[in-house]
Amino acid sequence: MSEEGIITGAVKKVFLAGVGAAAVTADKSAELFSGLVEKGATTVERGREMNRELKHNAKQKAKERKEKAKDYAESDNPIGDLNAILAGMTAEQLDALGERIDEAKEKAFGREKEAGEDEEKKD
């Protein structure tokens, strides 16, 4: 075989290897893309299921709160009335109420302190 035939054969092999690499890359890319699409669809469906479950749980909690508030409201106990109000409040409303209670305590303790100081001055 001549030197030219060896070079031509080598170039032909390199060319065919490049074509093979492109074909394998295309196959693997298509396979990877299909896998990603399937994974994305599964994730979206799982998200939908979680969303439905969260909505159901929120509705159930609201229903329970209403029932609890109704039970408290039906009692002849003033504490029951307060419990009914508290049972119907959200976490944010309870936090705001807590802040108002803290402010009221500060004012009340300040008045008590002032009253005690006034009595000491009289003595």
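Leu86 counts as partly exposed, because its relative accessibility is 29% and partly exposed lies between buried, under 20% relative accessible area, and exposed, over 50% (1.4 Å probe, protein chains only). The model is predicted: local features need pLDDT of at least 70, side-chain atom pairs count only at pLDDT 80 or more, and totals for chains, interfaces and linings use all residues. Residues are numbered from 1 along each chain as its sequence is written, and side-chain values use heavy atoms, with hydrogens and water left out.

Leu86 belongs to helix 2, which covers residues 78–87; helices (H or I, at least four residues) and strands (E, at least two) are DSSP runs, numbered from the N terminus. When neighbours within four places in sequence are left aside, Leu86 is in contact with Leu94 and Leu97, contact being heavy atoms within 4.5 Å. Ala69 stands 17 residues from Leu86 in sequence, and the C-alpha atoms of the two are 8.0 Å apart in space. For Lys68 and Leu86, 18 residues apart along the chain, the C-alpha separation is 10.0 Å. Lys68 is part of helix 1 and is partly exposed, with a relative accessible area of 45%.

The protein has 3 helices and 0 strands, and its pattern along the sequence reads α-α-α. Of its 123 residues, 4% count as buried. The accessible surface of the protein amounts to about 11100 Å², and carbon and sulfur atoms account for 58% of this area. Accessible areas come from the Shrake-Rupley method with a 1.4 Å probe; for residues, only the protein chains shown count as cover.

Side chains of opposite charge can pair when their charged atoms come close. A salt bridge is taken as a side-chain nitrogen of Lys or Arg within 4 Å of a carboxyl oxygen of Asp or Glu, and the count by this rule is 2. Glu45 pairs with Arg48 in a salt bridge at 3.7 Å, N to O. Both Arg48 and Glu45 lie in helix 1, 3 residues apart, about one turn of the helix. Glu45 also forms a salt bridge with Arg52, where the closest N and O atoms are 3.4 Å apart. Glu45 itself is partly exposed, as its relative accessible area is 32%.

Surface patches were also identified, made of residues with over 30% relative accessible area and no salt bridge; like charges are joined within 9 Å, and nonpolar side chains (Val, Leu, Ile, Met, Phe, Trp, Tyr) within 5 Å. Phe15, Leu16 and Val19 make a nonpolar surface patch of about 310 Å². Leu16 is found in helix 1, residues 3–73. Glu92, Asp95, Glu99, Asp102, Glu103 and Glu106 form a negative surface patch. Lys and Arg count as positive and Asp and Glu as negative, while His and the chain ends are not counted; the place of a charge is NZ of Lys, CZ of Arg, CG of Asp or CD of Glu. Glu106 lies in helix 3, residues 91–122, and counts as exposed because its relative accessibility is 62%.
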